[in-house]
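Student: Could we go through this protein together, one question at a time? I would like to learn how to read it.

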Amino acid sequence: MSRPKLRFLILVLIAWSGLGPARPDQKAPLPERFRGWLEEEVVYIITPQERDVFRKLQTDRERDIFIEAFWKHRDPTPNTPENEFKTEHYRRIGYADRRFGRSAPLSGWKTDRGRIYIIMGEPNDIQRYDAKAEIVPCEVWFYQDKVEMGLPPGFNLVFFQEHGQGDFHLYSPARDGPQALLMDFHGTVNDYQQAYQTLGDLEPNLAGVSLSLIPGEAGSFTDRPSLASDIVIQKVETAPQTLVKDDYARKFLEYKDIVDVEYSANYMDSDALVAVAEDGAGVYFVHYAVEPKRLSVGGAGDAYATILRVNGIVTNPAGTPIHQFEKTFSIKIDESRLEELSRQPFDLHDLFPLIPGTYKMSILVKNEVSKEFTSFEQAMLIPGDAPGPRLTKPLLGYKWLRSSPDPLKLRPFQFGPYRIYAQPGRTFARTETLVAAFQVSGLTEPERKAGLLRYLILKDGAVVAERSKRLDEYADLPDVLEEFALKELVPAHYGLKIGLLIDGREVLSVQDEFDLSHQEAVPRPWIQSKLMPGAGEEAYEQILGAELFNAGRIAEAKIRLEKAYRKNPESPESALFLSRAMAAMGEVENTISILEPFLDPARPPNYDIFVLAGRARRSKADWAGALGITNRTISHFGANTVLLNAVGDCELGLGKIKQALAAWEKSLEFNPDQPEIRRKIADLKAGR
């Protein structure tokens, strides 16, 4: 079979996963073409969140990219050139203008019939009533098979000319009543029964829909219209908002300045799972899994591949970055496995160490082949080593293997001797066994002997299954694994609550939720994992030391970073991290001593080391030494405001005012917004 040299294949993965029509916002005016798009072209189908995000965009380029994303997230066949939803939407607008604007003072799309036609499309049937003088002109539109919008299997919508004049208005049984459909009704305004009987004598079918828009329901109402009909109307008005997941709009706003332009319109949904576990050395690791809605790969010949780039940041409650990382996952698929894998979800697994504290984790995943991205955020608590019992939240999996921990590498979702196969979504089949893995730690010996774990499976808050087990029955504490057969449970949403009891009193409890599917089997993912070096490696001391430094715990950071440096004194990264901690503690001589070997011209230049070494020498007034290092930095990496400002400080320290002024003025050419540099220049020129 012949193939193009390069092609893209989208593996569509199996995902488990009170408002009126949108109105224009009264905010800063938009350029005309974007105002027309927002307030006319998509006014009936845009969600409130999408509209709010669009209003917050600052440039036309951002708005164009958002509009591209808006249509992409409504495209029923994203792997084809045509967006059928967009094509049909504009066809409906054109038809509404031609058909419903002829007899109205408004454009057709602004009329009630035009609005409903744009939202719902062509009715399955239209009945017109305009032949009898006693009845105002009416149209009854019948729709069916719209249950995906939360609507009944079949329903009617009625349009009528009020008092027989003007445009057709959408009829509400509760607001208007059958009397509004009669040309000259002599009863009281609220006399629904008399109006219904009069209308029934003239047009029985129209009388039926005047009380209820839902077929078969009218017989239940003889004196008062059905309120359920107005609920149907409300659902019709908001139907387009139920058919799209608009989280992409919020993500677009959050990431438009972070991800490249070519990615920003291509957000895709994903599910995520996060677990926290302590390793044997007392270090807590964050394990996470991301399951994107789809995985796109590029193909050439009989091989397919893509690169996923993962950026993560962990911040404390003050917003201070504590840990940041970037990792690359190279994924290759043989053509022989392509069809098989396309029927399975894809999961990306990873882990990293984190010091105790309360955090927010943000993960961004970019597919470098398809230029798609996804992300998730998660609040986390990493427990400290305070005395007292500790109980971690359970990781719920669908399978486990006993696997001795590898001293040379760490694997995501390995809890002691247990390797857990877990999937975001936490959905299970009745034929499967639910696996709960967690940790119990911080116990005294008497507490271990007196301790008990109680397991409750809850449905709607009620206990449907219960068991208890003594702590001393678990041979691998602090790691605990418990299995639960699901075959006796009915498909539903459940909670698993685990309580730690000591001497019969519950001292701690944790809970997580899961769903039991109606299906006989749940598709399980193929997994791409990122392994990390074994516990005690230099990398962990360096990561944990950097986290402590970022958290402001400098003395603790220095201890960790010294260990990492001693293990590998030739590592520029180890030297840089340690020297930063030393500099923060005022240990200038030690900082210079650590960095000096890395200034050797025979070594590859390192920008951060050069900058820090120059700063350390300036702090001890070694102006000549600092100037030499800074000039070398500029020769290797080029000039910038940081380096030019440093040159100015050094020249001033050496008494060379003219050279100092020249350096600072050059710096202002790079960035004029430097009040402190302008003050220094003014002081020098004034002789201060």
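Student: Let's start with strand β25 (residues 493-502): how many of its residues are buried?

Tutor: Buried means under 20% relative accessible area, with exposed over 50% and partly exposed in between (1.4 Å probe, protein chains only). Strands (E, at least two residues) and helices (H or I, at least four) are DSSP runs, numbered from the N terminus. Strand β25 is largely enclosed by the rest of the structure, because the count of buried residues among its 10 is eight.

Student: Before we go on, where do these values come from?

Tutor: This is a predicted model, in which local features need pLDDT of at least 70 and side-chain atom pairs count only at pLDDT 80 or more, while totals for chains, interfaces and linings use all residues. Residues are numbered from 1 along each chain as its sequence is written, and side-chain values use heavy atoms, leaving out hydrogens and water.

Student: Which strand does β25 join over 10 bridges?

Tutor: Two strands pair if DSSP finds at least two bridges between them. With strand β22 (residues 451-459), β25 pairs in the antiparallel sense over eight bridges, and there G451 stands opposite I502. The 10 bridges, also antiparallel, join β25 to β26.

Student: In that hairpin of β25 and β26, which residue takes a positive phi?

Tutor: In β26, S509 is the bridge partner of G499. The hairpin has two residues between its strands, and the one with a positive phi, near 55°, is D503.

Student: Which strands stand at the edges of the open sheet?

Tutor: The sheet has five strands with mixed pairing, in the order β20-β26-β25-β22-β23. An edge strand here has a single partner, so one side of it is left without a neighbour in the sheet; these strands are β20 (427-428) and β23 (462-470).

Student: And which residue of β26 does T427 stand opposite?

Tutor: Strand β20 runs parallel to β26 (residues 505-516), and two bridges join them. Opposite T427 stands D515.

Student: How many aromatic pairs does a search of the whole structure find?

Tutor: Rings of Phe, Tyr and Trp (its six-membered ring) pair if their centres lie within 6.5 Å; planes under 30 degrees apart count as stacked, over 60 as edge-to-face and the rest as tilted. The search finds 31.

Student: How many residues apart in sequence are the parts that Y44 and W109 tie together?

Tutor: Y44 and W109 form a tilted pair, 6.1 Å centre to centre with 55° between the planes. Y44 lies in the loop between α1 (32-41) and α2 (48-56), and W109 in the loop between α4 and α5, so the pair ties together parts whose separation in residues is 65.

Student: Last one: over which ring does the charged end of R603 sit?

Tutor: A charge sits over a ring if NZ of Lys or CZ of Arg is within 6 Å of the ring centre and within 35 degrees of the ring normal. R524, for instance, lies over the face of Y398, at 4.3 Å from the ring centre. For R603, the distance to the centre is 4.6 Å, and the ring is that of F598.
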